[in-house]
Amino acid sequence: MSAVLQYPPELLFTICEYIYAAGLPPSEYASSLDPLAIGEFGTPTALPSSMPPPNWTEPEARKTLSRLCLVNHAWYEAAKPWLWHKIEVRLPRSWLALLDEITIDPEDDEKAALAVKESIQAATHAALASAVRTGASSDEDAARKWKESIMESLAGPDGSIPPELLTPPVSRDPSPRRLRPKSKSPARWKIMRSINDAVQTVMDLTEPGVYVPRLHDPRPGRFVRHLDFNHFRTIGMRRSVEDSATSRFVTGERVEALLKELPNLTAFGATEYMDGALSLPVLNELLLRGSASRGGGRPTRGRGIVMEDPEEEDRERRRDCKDLQAMDLTGCVSAVFVSALTDFVNTHLLHEDEQSSGSDDESRRQIRRARARFMQEEPLTFPGLQRLGLRGVKSIQPQILMPFVLAFPSLTHLDLSATRVTPELLTALGGSTVRLHSLALARCVHLTGSCIRDFLVRAPAAARIQELALYGDLTFPSPLTTDDLAEIISSAPCFTSGELTYLDLSSAPVTRELLIDVCKPQSKLRSLGLSYISDLNLDVIAQFLKSKAMNVEVLTLAQTSPDLDWGRVGPGAPRGSAQQAMMALHSQIIGPLCTPPYMSTLRSQTVVIPPSPTRLRVIELSVPALAALGAGAGSWRIIRSKGGRGWYVDTASGWVGTGLQRNLPKAHSFRVQMSRLADANGNVNSGVGWHARKMEVSHLLIISDGNSR
């Protein structure tokens, strides 16, 4: 144990980094599709294994890091950055505690003076440690002299720290001569930089050539890389409507103050429960940082960057921040957010403010003018952001949405489901530098089948897509025609390459000819959506999976096929129609695709059971179909999600060890876990389900770059 305590700090930091990484899901293209099992099920693996799970749970990883903090100071310093790496705000009280821990009220001189005092002491120790190496003394007198020299340098005429912060509050003279308007204390980043400069100045005067390491901010804000509000709720706190409107927990001022203390933030997730806090200053803090503030995020020619914040210190502070890499704005529709995003686009991405006239013709003309200005005059861009989620952001007008999306030239994941995306945006996106891996265009009512076809077939931005969601339902069906879909399946690079892993064509006019004759083999496809296609027979689906998509594990068939859509007949349906539908499901899908072929064992001593024709093990069905299934059949059980969706799941099949195994014994831990979810009848957490319709854009596997310590 004594040898462990003597390890260098870099090694301890790396150990804690691996512990944190053990709580992250593996690569999204090699991960398990099943909900993460919670419990003692063995050592996690990096394989697409469901049991043992592919990774630790996040609480388990955090608990391990918390225990390491209690070993000694060295382990505490190594584990602390990873405990603060990702922050999920779930409850209002935890949000207020987070603010108290990271931010300091600029109006509170007492706390600001204490922060200055602690920083000067730490700087004195760092300077003495550097001076000792050159033979200088390090006793108490030397420390006192160093501190006096630093204070004298900070109190000079060019000092950026007010004199009242350099003296303790109790020692200040309360004479009337000091009664003057209260000045705002400088930001902590500016205080830290001033102290660093003062220490280096004193060192250059006393011992030239000696470098003093820069002083780190004692606050943990510099460790935070991921800030997530996706699970934030105020429901159940017995607050009145008036309290919710006048006494909000998450306000724009608080979020802005927190973001100013997070220079290394790379991922941000919002939700409709706090979108009223997404004001213009908050958007400025999120986007105008890093290269966008330094000027490296725009072309070399053209007009200069016009910052909304007139204060030079904000621009100076943002230059040292990291670029945001992922931003999730799913469901944000509040008037505050819409107004803030409109002002942001008009200020930073367009040259003049334009108001929509309300007519379709005028709106189209504005879109064309906005696109022309965007393409000709090269406005500000944000090359650092790679993942953008705008699902359900319905209130953003097309003339604002288009320049905003086109301002991110490095996108790999883009979710525009249920937005006002137009054909003009897809056309402009196809000619940009974007190279998408994941694209979601579900329930986009302004898109046409021809524009989707042209984008997927001809645009270089869509050539590498591996996850494609074109979901539609009975309310907002797919705009694709049979000819459009035929050209997409036969000519689109994402289909012809066979690299698709997730595909949703729900409500599209899928026919037997397209699946059997036109479509190329999709050997990497794992999750397939074919819901709301009433004319597609089950035997066609079974033939397609058996011959061209053997690795599909999850299939959605909600209100698909005349064999299953028995509920359309109405209350006067024959009594046996539901039973016939379930028999068709088992005889045409489950039996041929999920059951190993029959083998006679009369002439053989050694029995080698061949695998089933496909890997299918999860089928999503409509509510009437699930009700007709009752308790299921054999190992096939119904598992419902918290949101009302339901799946018919083979609880005895799963990724165990190195491969997919079927007919697991009843006592197997994976089968017990699946049976427990089936017995819960929907009373499960939000992470239970298959074939998610919301793209995960905020998850980033961030490797340490050595600057987070």
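Helices (H or I, at least four residues) and strands (E, at least two) are DSSP runs, numbered from the N terminus. With that in hand, let's look around.

**Before you click**

You're looking at a predicted model, where local features need pLDDT of at least 70 and side-chain atom pairs count only at pLDDT 80 or more, while totals for chains, interfaces and linings use all residues. Residues are numbered from 1 along each chain as its sequence is written, and side-chain values use heavy atoms, with hydrogens and water left out.

**The whole chain**

Start with everything shown. The protein chain has 25 helices and 16 strands. Of its 709 residues, 50% are buried (buried means under 20% relative accessible area, exposed over 50%, partly exposed in between, with a 1.4 Å probe and protein chains only). Now think about contacts (heavy atoms within 4.5 Å). Among those with a separation of 6 or more, 75% are between residues 24 or more positions apart.

**Stop 1: leucine 65**

Select helix H3, residues 58–69, and pick out leucine 65. This leucine 65 is buried, with a relative accessible area of 1%. Which residues does leucine 65 contact, leaving aside its neighbours within four places in sequence? Show Cys16, Ile19, Tyr20, Ala79, Trp82 and Leu83 to see them.

**Stop 2**

Next, select helix H10, residues 252–259, and colour its buried residues: Gly252, Val255, Glu256, Leu258 and Leu259. Look down the axis of H10: these buried residues fall within an arc of 165 degrees, so they line one face of the helix (the arc is that of the directions from the helix axis to the C-beta atoms). What covers them includes helix H5 (92–102), strand E2 (226–228) and helix H11 (280–287).

From H11, step back to threonine 271, in the loop between strand E3 (267–269) and H11. Is threonine 271 buried or exposed? It counts as buried, at 3% relative accessibility. Not counting residues up to four places away in sequence, threonine 271 touches Phe229, Asn230, Phe232, Arg233, Thr330 and Cys332.

**Stop 3: valine 345**

Go to helix H14, residues 335–349, and select valine 345. Valine 345 has 0% relative accessibility and counts as buried. Beyond its neighbours within four places in sequence, valine 345 is in contact with Leu350, Ile400, Pro403 and Phe404. Alanine 407 is worth a label too: it sits 62 residues from valine 345 in sequence and 9.6 Å away in space, C-alpha to C-alpha.

**Stop 4**

Now find arginine 443, in the loop between strand E7 (438–440) and helix H18 (449–458). Check its backbone: phi is positive, about 55 degrees, although this residue is not a glycine. Arginine 443 is partly exposed, with a relative accessible area of 27%.

Carry on to helix H19, residues 482–491, where Asp484, Leu485, Ile488 and Ile489 are buried. Viewed down the axis of H19, they fall within an arc of 125 degrees, so they line one face of the helix. The buried residues of H19 pack against H18, helix H20 (493–496) and helix H21 (512–518).

**Stop 5: helices H22 and H23**

Last, show H22 (residues 538–548) with H23 (residues 577–594). Their axes come within 10 Å and cross at roughly 5 degrees (axes are lines fitted to C-alpha atoms, for helices over the stretch in contact, and angles run from 0 to 180 degrees between N-to-C directions). H22 and H23 are therefore roughly parallel to each other (angles under 35 degrees count as roughly parallel, over 145 as roughly antiparallel, 65 to 115 as roughly perpendicular and the rest as oblique). On the H22 side, the contact is made by Leu538, Asp539, Ile541, Ala542, Leu545 and Lys546; on the H23 side, by Ala584, Leu585, Gln588, Ile589, Pro592 and Leu593.

Finish on leucine 585 in H23, which is buried at 0% relative accessible area. Leucine 538 is 47 residues away from leucine 585 in sequence and 7.7 Å away in space, C-alpha to C-alpha.
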